[in-house]
Amino acid sequence: MSKPKGWKELVPGGIITEAGNARDYKTGDWRTERPQVNKEKCINCFFCWAYCPDGSVKVDADKGVMVGFDYDHCKGCGICASICPSKAIDMIPER
Amino acid sequence: MAINLKARVMGLNGNAAVAYAMKQINPDVVAAYPITPQTDCVERFAEYVSEGLVKTEFVTVESEHSAMSACIGAAAAGGRVMTATAANGLALMWEVLYIAASMRLPIVMMVTNRALSGNINIHCDHSDTMGARDSGWIQLFSENAQEAYDNIIQAVKIAEDLNVRLPVMVTQDGFIISHAVERVEVLDDEVVQNFVGPYKPVYPLLDLSHPVTYGPLDLFDYYFEHKRSQIEAIDNSFPVIKKVAEEFEKISGRSYGFLESYKLDDAEYAVIALGSTCGTAKEAVNALREKGKKVGLLKIRCFRPFPKAEIIKALAPLKGVAVLDRSVSFGGFGGPVFTEVRSALYDAPSHPLIINFFYGLGGRDIYPEDIIKALEKIENVVQKGKVEEHIGYLGLRE
Ligand code: SF4
Ligand code: SF4
């Protein structure tokens, strides 16, 4: 997100006046662990993509490959790592 | 108050006066739940609805929490919304009162002041509205049925002003005002309609081509900024309350300020009060004036926002002030009015000695003699030159 606004710039009442702007809220900085995929082990089953509660698993649908994560929005919940049938995802502590 | 011979006069109690004003305002939505001593107001308004005299959507709900929640929904949808409650009903609205103010929804609510339980009591004190004083609502107190009628009409215009956009609470003392029939000068329907004007919704949810979100998650990154802008909004209401009162005077001949000074010009001692007690205090002031005592009354009409500059101006020249509180802040340093007035005077160029009296809890009557006692006490304190006891009680058995 761009630089946080000062109070004078805000819409009164905290009303959100644009539709479909959830993407602008970078929830990635809530994360304490980041998922990391080992493509050697990955079988491209897309389970992680289906289970991710934040739509943060990136896939190339045309090629049928899981390609990585959207770290701007991934909250680090670890569901993908836990669901992966081939243990291809490790959760690495941030920092 | 000058008597306007051309005015239309009705015999109305406070509840009926407010219901009549609501009929003339003709809001889009009223969601309310009955509670003594407000019931009479909502009942009368429901009659106007069933007789087809208003176009209001009247929402019957199962509690006051739901009443205020329905008001919030209707106001966010883009309607002009009103309601009324009292005492525990207001207490049950607590969490949603804050939400109405935070979302900057211009809901207007009449509160018939009644003591909070326990024990169960249906009579007047100010514990209900004083408890809600930090919720972000503007609060206007009324001395009689006429003022309740006038305040509710002005409240609509104050709430909806684009520089304010905040909910407004108009109070009247339970039973003392709400159930006593008085002479009330009413305006013509058309005059009221022109005064409040057509409602201009801001970010209405029902504007489907401009979808908006009300009440999203607001954490440590923005909540503070939103509160700051809420502080600004209620501060902005000062000039608006003044302007609306001036416009109201043009249509009614009745003038309103944040405060009303009664015989304060040359006074040395004064009492401060809110609501119907001010009428009693005027009697007490007159009685003492006849004996040559230089005493007066400062009535607070607008408690939120708190008119500190005007309070300093009115009180700084005095020698002594007795603040009357009709509610308790348990464990606090005096009642809510005392705390606030005393704090405002701290930076005044000169200040009077100031003492506090609790009175009238649970509807205990207050008499002119009680107020005379308070004025004599403060005179005594001033003669001694210092306050030995800040807190006293009027009308309490030892
Ligand atoms: S850690 Fe959670 S949020 Fe991040 S990609 Fe995996 S499932 Fe999605
Ligand atoms: S769940 Fe595991 S194996 Fe399946 S696509 Fe995701 S990382 Fe690859």
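Two strands count as paired if DSSP finds at least two bridges between them, and helices (H or I, at least four residues) and strands (E, at least two) are themselves DSSP runs, numbered from the N terminus. With that in hand, here's a tour of this predicted model. Chain B splits into domain 1 (8–198 + 210–252) and domain 2 (259–394), with bounds that come from an automatic or database domain assignment.

A quick word on bookkeeping: residues are numbered from 1 along each chain as its sequence is written, while chains are lettered from A and ligands numbered from 1 in the order in which they are written. Local features need pLDDT of at least 70, side-chain atom pairs count only at pLDDT 80 or more, and totals for chains, interfaces and linings use all residues, with side-chain values taken from heavy atoms and hydrogens and water left out.

- Strand 13 (residues 320–325) of chain B has 6 of its 6 residues buried (under 20% relative accessible area; exposed is over 50%, partly exposed in between, with a 1.4 Å probe and protein chains only), so the strand is largely enclosed by the rest of the structure.
- Gly320(B), Ala322(B) and Leu324(B) point one way from this strand, and Val321(B), Val323(B) and Asp325(B) point the other way.
- Strand 10 (residues 269–273) of chain B runs parallel to strand 13, with 4 bridges in the pairing, and Ile272(B) has Val323(B) as its bridge partner.
- Strand 14 (residues 353–358) of chain B is also parallel to strand 13, joined by 6 bridges; here Val321(B) stands opposite Ile354(B).

- Beyond its neighbours within four places in sequence, Ile300(B) is in contact (heavy atoms within 4.5 Å) with residues including Phe141(B), Ile272(B), Phe306(B) and Val341(B).

**How the two domains sit**

- The centres of domain 1 and domain 2 of chain B, taken over C-alpha atoms, are 27 Å apart.
- Their contact takes 27 residues from domain 1 of chain B and 26 residues from domain 2 of chain B.

**Rings and charges**

- There are 13 aromatic pairs over all chains (rings of Phe, Tyr and Trp, its six-membered ring, with centres within 6.5 Å; planes under 30 degrees apart are stacked, over 60 edge-to-face, the rest tilted).
- Phe141(B) and Phe303(B) make an edge-to-face pair, because their centres are 6.5 Å apart and their planes are at 80°.
- Phe141(B) is in strand 6 (residues 138–141) and Phe303(B) in strand 12 (residues 302–304) of chain B, so this pair ties together parts 162 residues apart in sequence.
- Phe141(B) is buried at 1% relative accessible area, and Phe303(B) is buried at 0%.
- Phe333(B) and Phe338(B) are edge-to-face too, at 5.4 Å centre to centre and 90° between the planes; Phe333(B) is partly exposed at 42%, whereas Phe338(B) is buried at 0%.
- Lys23(B) lies over the face of Tyr48(B), 5.6 Å from the ring centre, and Tyr48(B) is linked by ring pairs into a cluster with Phe45(B) and Phe58(B).

- Two cis peptide bonds to look up in chain B run from Gly118(B) to Asn119(B) and from Arg304(B) to Pro305(B).
- Lys87(A) isn't a glycine, yet has a positive phi of about 50°, and this residue is exposed at 56%.
- Arg104(B) also has a positive phi, near 60°, but is buried at 8%.

Technical notes
Lys NZ or Arg CZ within 6 Å of the ring centre and 35° of its normal.
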